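This report concerns a single protein model. Please examine the sequence and the three-dimensional structure below before reading the sections that follow.

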Amino acid sequence: MSEKSDVLPPPKESRNGMCVDDLKQSFQDRRTFSIAKDEYTATRYDDFMTASFIIRDRMIERWIKTQQRYHKQNLKRVYYLSMEFLIGRLLMHGILNLGIAGEMRQALRAYGLDLDEVCDQEPDAGLGNGGLGRLAACFMDSMATLGVPANGYGIMYEYGIFRQKILNGWQVELPDKWLQLGTPWAIGRPEYTIRVRFYGRTRQFFEKGGRLRVVWTDTEDVLAMPYDIPVPGYKNDVVNYLRLWSSKGTEEFELDYFNHGDYVKAYDKKISSENISKVLYPNDQFSAGMELRLKQEYFFSAASLADIIRRFKAHNPDIRDFPNKVAIQLNDTHPSLAIVELMRILLDEERLDWDSAFDITVNTFAYTNHTLMPEALETWPAPLLGKLLPRHLEIIYEINARFMRDVANHWIADVDRLRRMSLIVEGDVKRVRMAHLSIIGSHSVNGVSELHSSLLKKTLFADFYGMFPERFNNKTNGVTPRRWFLDANPLLAGLITRAIGDSWTTNLGELKKLLPLREDASFRKDWQAVKHENKKIFAAHVKKTTGIAVDPESIFDMQVKRIHEYKRQALFALFLIHHYLRLKRDPNGDYVSRTAFFGGKSAPGYAMAKLIIKFINSIAGVINGDKSLRGRLKVVFLEDYRVTLAQRVIPAADISEQISTAGTEASGTGNMKFMMNGALTLGTWDGANIEIAEEVGPEHIFIFGLKAHEVAEFKGKGYRPEEYLGKSPALQEVFRLIRLDFFSHVEPGIFTPILDAVTHSDPFMILADFEDYVRAQDEAEKRYKDQTAWTNSSIVNVAKSGRFSSDRTIREYARDIWGVPTR
């Protein structure tokens with residue numbers, strides 16, 4: 001053989017090129033060699049997996065280069081710890097962020113496949129409950145797009161948020177088997193498995209020199225195996241990743257039991273260990289569920305911290321440099337045990353003194369609070385913590401003892417303040433306040449809207465603000481325009497790009513260039529055509545999935561969010577009954593046809609929220625079945641609301657219902673998504689609604705109801721809801737209809753708990769706000785009749801949505817809290 005014949009041909013420039021021919025070849029190769037199928041045997045899900053592998057391959061090249069750069073430059077890293085990451089579908093998002101949507105569509109067409117149909121095969125990764133998890137996913141996208149060296153850490157739940165079925169009007173929960181057919185995105189990393197310890201006891205002794213040594217022994221261990229999901233930035237060749245932990249038994253089975261024929265017991269420990277990452281949010285109404293939930297929180301916090309320290313030590317020999325290279329953001333209190341875990345490692349393993357360890361800890365962590373309601377703040381029974389994590393409870397008590405000394409020095413003899421600020425709630429069973437731990441153990445505490453942050457300082461954490469004013473700051477939430485505009489609303493995105501260019505995709509402030517175009521009649525007409533087409537597309541989806549025909553010419557009035565009393569779905573429902581009665585009284589009245597859409601899930605154990613879902617569906621049954629209305633009012637409850645459904649709902653909306661009681665919603669991000677897609681907000685002076693109003697001006701938003709300080713004043717004086725009922729003939733008429741079982745002939749009295757709640761206590765001020773809510777609804781309808789004025793307002797909302805990009809939020813976190821640069 002000649003010497004030349006032994007020489008391999010030169011490699012192609014890239015085996016993962018981005019042109020159509022490269023994508024076509026990759027599809028053929030991946031279907032053959034990864035799926036082991038051909039055009040005759042491949043299923044529709046196989047086509048999705050093949051397309052995903054093509055995109056993942058191209059991400060991985062960029063991922064490896066990104067991580068190499070981070071390591072070589074020994075950059076400070078940001079670690080975002082969250083129990084939830086509601087990431088939804090990833091294929092189209094990855095295609096868009098790589099910038100090859102047109103090429104991919106063309107490549108698949110060569111195989112007789114439609115890209116949208118392929119993407120529809122992907123199950124939602126429902127690894128979150130709602131806004132908290134979706135915010136985390138938006139932040140991951142923005143961190144990658146801005147080039148922030150960042151990892152997310154969470155749990156690889158086998159079952160995500162439950163699938164919701166509506167049966168006879170009731171919510172029924174079904175398991176979400178999102179991994180049933182496998183996922184192409186999560187790459188297992190068994191070589192980075194971490195051992196996580198539980199239970200056991202502590203042993204204390206003095207070493208030579210008199211130093212106290214504490215050892216945590218006789219533990220029951222679980223393995224945490226990581227799975228990595230790549231997170232691409234938008235057209236910038238940066239790929240960060242989300243690391244999710246899956247629990248594994250330390251042994252597959254216990255051989256002694258197996259050999260003696262007790263096959264079930266042989267697997268007991270393995271099954272118990274793997275339950276930790278089995279399901280998102282176990283039912284914590286029972287002690288076993290509460291213990292499992294606490295296990296989940298420590299499991300992912302401890303595994304993540306061990307992984308962070310491993311990565312830090314690869315380039316940094318001195319643990320005292322930890323805060324200079326590591327910034328850890330706690331997304332609410334669920335990961336707050338990481339504070340105690342770092343203290344344990346620094347004290348017991350790194351052998352630092354207390355003050356040095358605590359200084360490192362405080363300068364590493366930052367805490368984001370997401371609630372204003374005291375009852376929603378997380379606390380854990382001290383006996384349960386002591387049983388599960390004995391060393392950690394000792395450290396918590398020591399943190400508290402030292403902190404109480406500082407408080408006592410700061411406010412002499414103020415016993416009430418000591419009680420309020422203590423980490424420990426005294427009582428029959430002591431409880432540990434995780435929010436207090438997060439504040440004491442962090443250098444930054446932020447709220448998520450201007451009102452929320454202000455109220456944290458004035459009410460919920462006023463004592464802590466008095467002691468640590470420099471720690472408190474605001475970071476108003478945002479949403480990623482790549483997911484919630486470019487991906488969700490391609491028709492409007494295309495219109496805007498043709499009008500002002502595409503730089504808005506990474507600089508949403510550029511949308512202000514739309515403002516002069518609202519005076520252009522031709523542009524307004526195009527804008528209206530896009531909205532109408534989006535409504536037609538959504539109406540077709542509603543007909544296909546529910547059998548209900550809705551009119552795209554009607555107002556699409558949307559309230560889609562977690563079902564909770566403070567979000568006041570019941571207020572919207574009461575208005576719809578009122579409007580129904582108006583239409584019955586005046587069938588030829590000058591009312592615009594209206595379609596009201598609800599969507600959202602109730603926590604499985606939340607009886608009142610589940611009754612509200614039943615209430616809405618019962619109202620829908622009566623209204624939709626009343627032929628005398630001639631379709632002028634329809635009510636639709638959208639089953640199994642999730643990220644993918646939200647991407648269909650939001651572009652079609654005319655009105656965005658953001659009607660929480662003032663002072664209860666920390667921020668809201670649904671309001672931002674709707675605004676960004678041209679819907680007009682109808683809402684209270686609450687959360688980020690306030691900042692939306694500041695941006696667009698009062699003429700482009702419909703605000704109603706009491707303000708937060710007025711709610712507090714009413715409750716302080718003794719709010720009497722029955723007085724509002726007595727003053728409102730409209731409410732009296734609505735209540736009379738409900739009490740007569742007009743919406744519940746077959747189940748008489750079923751809605752009495754709702755009426756009793758709002759009549760006797762009305763904790764969320766529904767009756768106080770009802771009349772003003774009707775006024776705002778009527779004002780919105782009046783504006784809608786003037787399509788020029790409505791379109792003008794719609795354009796203004798989109799043009800002023802730049803403030804609500806998560807890119808802006810992440811820039812602020814990076815600058816003010818993490819100390820890292822952005823692109």
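## Basis of the model

The model is predicted; local features need pLDDT of at least 70, side-chain atom pairs count only at pLDDT 80 or more, and totals for chains, interfaces and linings use all residues. Residues are numbered from 1 along each chain as its sequence is written, and side-chain values use heavy atoms, with hydrogens and water left out.

## Enclosed cavities

A cavity is a set of points, on a 1 Å grid over the protein atoms alone, where a 1.4 Å probe fits but cannot get out; its lining residues have an atom within 4 Å of a point. Grid points are joined across faces, edges and corners, and a volume is the space filled by probe spheres set on the points. Six cavities of 30 Å³ or more are counted by this rule.

The largest cavity has a volume of about 230 Å³. It is lined by 18 residues, of which Ile87, Leu90, His93, Pro230 and Val231 are the closest to its centre. Two or more lining residues come from each of strand S2 (85-88), helix H3 (91-98), helix H6 (131-145) and strand S11 (220-232); helices (H or I, at least four residues) and strands (E, at least two) are DSSP runs numbered from the N terminus. The lining comprises twelve nonpolar, three polar and three charged residues. Here Ala, Val, Leu, Ile, Met, Phe, Trp, Tyr, Cys and Pro count as nonpolar, Asp, Glu, Lys and Arg as charged, and the others, Gly among them, as polar.

The second largest cavity has a volume of about 130 Å³. Among its 14 lining residues, Glu565, Ala570, Ala757, Val758 and Ile766 lie nearest the centre. Helices H23 (569-585), H24 (607-625) and H31 (752-761) each supply two or more residues to this lining, and H31 gives the most, with three.

## The second largest pocket

A pocket is an open set of grid points with protein on both sides within 12 Å along at least five of seven lines. The second largest pocket has a volume of about 400 Å³. Of the 18 residues that line this pocket, Leu372, Ala662, Gly663, Thr664 and Ala712 lie nearest its centre. Helices H18 (450-460) and H28 (708-717) each contribute two or more residues, with H28 giving the most, at five. Eleven of the lining residues are nonpolar, five polar and two charged.

Helix H12 (residues 337-349) reaches 17 Å from its first C-alpha to its last, close to the expected 18 Å; the expected span is 1.5 Å times one less than the number of residues. Twelve of its 13 residues are buried, so H12 is largely enclosed by the rest of the structure. Buried means under 20% relative accessible area, exposed over 50%, and partly exposed in between (1.4 Å probe, protein chains only). The buried residues include Glu341, Arg344 and Asp348. Just after H12, Arg351 takes a positive phi of about 65°.

Asp406 is found in helix H15 (residues 390-410) and is partly exposed, at 42% relative accessible area. Its C-alpha is separated by 9.5 Å from that of Met467, 61 residues apart along the chain.

## Cysteines

A disulfide is a pair of cysteine sulfur atoms within 2.5 Å, and zero disulfides are counted by this rule. The sulfur of Cys19 is 20 Å from the closest cysteine sulfur, in Cys119, and therefore too far for a bond. Cys138 is likewise in no disulfide, as the nearest cysteine sulfur, that of Cys119, is 18 Å away. Cys19 is partly exposed, with a relative accessible area of 38%, whereas Cys138 is buried, at 1%.
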